[in-house]
Amino acid sequence: MCQLLGMSCNVPTDICFSFSGFSRRGGGTDVHRDGWGIGFFEGDDGRGCRVFLDPTPSIESPLASVVRDYPIHSMNVVAHIRKATQGDICLQNTHPFQRELWGRYWVFAHNGNLIGFNPELSGRYLPVGNTDSERAFCFLLDTLALRFGATAPSYEHLMDTMAEIAAILRAHGPANFLLSNGRWLIANCSTDLHYIVRRVPFNEAHLKDEDVSIDFNEVTSATDCVTVIATTPLTDNEDWQRIEPGTLILFRAGEPVETRQLDQAV
């Protein structure tokens, strides 16, 4: 299945190091050759969103080379490398997907295979492509809009509804996903998802997929807090935490601030 990468920080941070190793999984160190994408939230209160999508393997993509080398600074990032299970290999089926809700951009990427998932939608959000993942995103936002109307809820109430949505998706198959609106990032683990929180004391990290290291003491300040989320750990000398299947976590400013446990996991 696909590969997910997310980042949540308390200060704008670049993801060049993590993305360098992650992008090699798109046809280099792994078999995910069906496209890749990444979304960065920027600007005032994270309201701006810069999304790059490419249906070619990230190991071969000139656009991926630009992202690896260009230090875009963001507090919330969602990235995806695709191994297609449903839908054609094309730009409109490339994650992450982007829509607007409550005056903010929302970005979503999914790892899994939802069998027979054809929810009834209100028409406010409709898929452009033909993937189960984009249908899940439209269903998710449709549910939130119908549940809460024109006013965004607190993240505590949001997480209650997100747990209901995750349970519905889970009933159709694996539903690992990352979701962000620029203020926070939600990670849902159905089968495999890991994260690491980097803060003082910072250490040197070495990528698993590429012989590259970085000493975070040289590029961070004492107050920085950066969480990186990935399908499988990106480094081989750090203590990554596995998210238990059936767990939904909301990260804000690099911290896991709200958790929901689902009854069962696929």
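This is a short tour of the structure you have open, one selection at a time. Keep in mind that the model is predicted.

**Stop 1**

Now look at the two ends.

**Stop 2: strand β9**

Next, pick out residues 194-198, which make up β9. How many of its 5 residues are buried? The count is 4, so call this strand mostly covered. Turn to its partners. With β12, β9 pairs in the antiparallel sense over 5 bridges; with β13, the pairing is again antiparallel, over 2 bridges.

Click on H194 for a closer look. Its bridge partner in β12 is A230, and in β13 its bridge partner is R242. Then move to Y195, whose bridge partner in β13 is Q241.

**Stop 3: I243**

Now select I243, in the loop between β13 (241-242) and β14 (247-252). Is I243 buried or exposed? Buried: its relative accessible area is 3%, and the cut-off for calling a residue buried is under 20%.

Which residues does I243 touch, leaving aside its neighbours within four places in sequence? Show C189, L193, H194, Y195 and I249, and you have its contacts. For L193, try the distance tool: the C-alpha atoms of I243 and L193 are separated by 5.6 Å, although the two are 50 residues apart along the chain.

**Stop 4**

C189 leads us to β8 (185-189). Colour the whole strand: 5 of the 5 residues are buried, so β8 is largely enclosed by the rest of the structure. Here is a handy rule to have in mind: in a regular strand the side chains alternate between the two faces of the sheet. In β8, L185, A187 and C189 sit on one side, with I186 and N188 on the other, and both faces are covered.

β7 and β8 run antiparallel, joined by 4 bridges, and S180 has L185 as its bridge partner in β8. Follow the chain through this hairpin, which has 4 residues between the strands, and stop at G182, where phi is positive, near 90°.

Then show β14. β8 and β14 pair in the antiparallel sense over 5 bridges; one link to find is N188, whose bridge partner in β14 is L248.

**Stop 5**

Time for some helices. Select residues 155-170, helix α4. Its 16 residues should span 22 Å at 1.5 Å a residue, and the end C-alpha atoms are 21 Å apart, which agrees. Buried residues in α4 include L158, M162, I165 and L169. Why might residues with this kind of spacing go together? An α-helix has 3.6 residues a turn, so residues three or four places apart point the same way.

Just after α3, G149 takes a positive phi of about 70°.

**Stop 4: the empty spaces**

Finish with the gaps. Rolling a probe the size of a water molecule over the atoms shows where empty space is left.

The largest pocket has a volume of about 280 Å³. Of its 19 lining residues, the closest to its centre are T13, D14, F216, V219 and T220. β1 (3-14), α1 (16-23) and β12 (226-230) each give two or more residues to this lining, with β1 giving the most, 5 residues. By class, the lining has 12 nonpolar, 4 polar and 3 charged residues.

There are also 2 cavities of 30 Å³ or more. The largest cavity holds about 50 Å³ of space, and its lining has 2 nonpolar, 7 polar and 3 charged residues. To find it, select lining residues including C2, R82, H95, H110 and D132. β6 and α3 each supply at least two residues of that lining.

Notes: Residues numbered from 1 in each chain as written. Predicted model: local features only at pLDDT ≥ 70, side-chain atom pairs only at ≥ 80, totals over all residues. Heavy atoms only, no water. 1 Å grid on protein atoms, 1.4 Å probe; cavity = no way out; pocket = protein on both sides within 12 Å on 5 of 7 lines; lining within 4 Å. Points joined across faces, edges and corners; volume = space filled by probe spheres on them. Nonpolar A, V, L, I, M, F, W, Y, C, P; charged D, E, K, R; others polar. Buried < 20%, exposed > 50% of the residue type's maximum accessible area, 1.4 Å probe, protein only. Contact = heavy atoms within 4.5 Å. Expected span 1.5 Å × (residues − 1). Pairing = 2+ DSSP bridges.
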